Amino acid sequence: MALVDAEREELLEILSRDRLLAMYEQMRTIRVFEDTLHTLFASGEIPGFVHLYAGEEAVAVGVIGALKPDDYVSSTHRGHGHCLAKGVELNSMLAEIYGRATGVCKGKGGSMHIADVSRGMLGANGIVGAGMPLAAGAALAAKLRRSGQVSVCFFGDGGSNQGTLHEAINLAAIWDLPCLFVCENNGYAEATSPRYSTKVKHIADRAAAYNIPGVVVDGQDVVEVYLAARQAVERARSGAGPTLIEAKTYRFYGHFEGDAMKYRTAEEVGQFRRRDPLKIFAEEIAPQAEISSQEMQEIDAAVDRQMQAAIEFARSSPLPSPEDCLTDVYVNY
């Protein structure tokens, strides 16, 4: 599953230093965003419900890094990382989670419903398994328009047991739709391990039922994720149809903020903390790409400043007016 040195060296020749530094900046931005939400939510400053993506950054950044700006992404209830990697603006995302009128959805969506269609982000989704038909529909539209666009659907190991996945993946397979189905297997569907809920060893093994490629990758290694996604995107654009990618990853926080996490041990969390995607980048990828620790520290400092500016922007933004409840309710076709 892990890249051998020769494979990584070959890929690093494709990925420039600037590209890798941009990937690191995106992962760092997602991590700081999530760690900040963890603190703000605990203080009572953020309303609603929050599911954090920390620990899974390499999946969003690796997959979306293989896309073009006008490609599509559908997300999950744990969608902050997907949105940031797709280019949704930091200030308006945080304002949205604060429920402010300057939010990307005018403060009406909150954490689980962030969408920015202008950037190809079809939306995070509070319903488990609801994003797959959206992604397949976008892929069908792209194929009919012959636009060359690709559609990616992120879902969790819990979502893989929803009927929507099998309906969407079956149609995508028989119609050769330009679609990627990306399972972020973070080890738990809320508190349930796939070892209890899934008979197959790997969720990617289910691809055989639809006669499409099923690929398992180390979801903590952004370069390995990018390599698998790039191959799948090239296949989709060529008209050869969808791919099912399973990224083995881990969420550092609980299913939701406030989760007591009695279903996993401190030793298990510590084991995966040692496989932090940012740590792997710093210790394995950066030296091979001749990226210095000073370059990474400068990115860290810039991200911290952007995050502080986003907090001030959200705090100082107005709440939506009561009249706004009656807008954006219906869509005219």
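This report describes the fold, the nonpolar cores and selected residues of one predicted protein model.

The structure is a prediction: local features require pLDDT of at least 70, side-chain atom pairs count only at pLDDT 80 or more, and totals for chains, interfaces and linings use all residues. Residues are numbered from 1 along each chain as its sequence is written, and side-chain values use heavy atoms, with hydrogens and water left out.

## Overall architecture

The protein contains 12 helices and 6 strands; these are DSSP runs numbered from the N terminus, with helices (H or I) of at least four residues and strands (E) of at least two. Its C-alpha atoms fill a box of roughly 50 × 50 × 40 Å along the principal axes.

Of the 333 residues, 53% count as buried. Here, buried means under 20% relative accessible area, exposed means over 50%, and partly exposed lies in between, with a 1.4 Å probe and protein chains only. The protein exposes about 15000 Å², of which carbon and sulfur atoms supply 53%; the areas come from the Shrake-Rupley method with a 1.4 Å probe, and for residues only the protein chains shown count as cover.

Among contacts (heavy atoms within 4.5 Å) with a separation of 6 or more, 75% join residues 24 or more positions apart. There are 32 positive and 44 negative side chains, and the centres of the two sets lie 4 Å apart. Lys and Arg count as positive and Asp and Glu as negative, without His and the chain ends; each charge is placed at NZ of Lys, CZ of Arg, CG of Asp or CD of Glu.

## Nonpolar cores

A nonpolar core is a set of buried Ala, Val, Leu, Ile, Met, Phe, Trp, Tyr and Cys residues joined through side-chain atoms within 4.5 Å. The largest core has 76 residues, and the members that touch the most others are Leu-20, Phe-33, Leu-94, Leu-180, Val-222 and Phe-281. Helix α2 (residues 17-42) gives the most to this core, with 11 residues. Apart from it lies another core, of 20 residues, including Ala-136, Ala-139, Leu-177 and Phe-181.

Beyond its neighbours within four places in sequence, Leu-180 contacts Val-150, Ser-151, Val-152, Cys-153, Ala-229, Ala-232, Val-233, Ala-236, Thr-243 and Ile-245.

Ile-64 belongs to helix α3 (residues 57-64) and counts as buried because its relative accessibility is 8%. Not counting residues up to four places away in sequence, Ile-64 touches Val-73, His-82, Ala-85, Lys-86 and Phe-154.

Ala-66 sits in the loop between α3 and β1 (72-74); with a relative accessible area of 14%, Ala-66 is buried. With neighbours within four places in sequence left aside, Ala-66 is in contact with Tyr-226, Ala-229, Arg-230 and Val-233.

Separations between C-alpha atoms for selected pairs are tabulated below.

| Pair | Sequence separation | C-alpha separation |
|---|---|---|
| Ala-66 and Val-233 | 167 residues | 7.1 Å |
| Asp-259 and His-51 | 208 residues | 9.9 Å |
| Gly-219 and Glu-13 | 206 residues | 21 Å |
| Ile-64 and Leu-326 | 262 residues | 34 Å |

## Loop residues

Gly-219 lies in the loop between β5 (214-218) and α9 (222-237).

Asp-259 is placed in the loop between β6 (243-248) and α10 (266-273); its relative accessibility of 16% makes Asp-259 buried.

The loop between β4 (179-185) and α8 (194-197) holds Ser-193, and Glu-190 is found in the loop between β4 and α8. Ser-193 counts as buried at 12% relative accessibility, whereas Glu-190 counts as exposed at 52%. Leaving aside neighbours within four places in sequence, Ser-193 contacts Gly-187 and Tyr-188.

Most residues other than glycine have a negative phi. Glu-190 has a positive phi, near 55°, and phi of Glu-290 is likewise positive, near 55°. Glu-290 occupies the loop between α11 (277-288) and α12 (293-316) and is exposed, with a relative accessible area of 65%.
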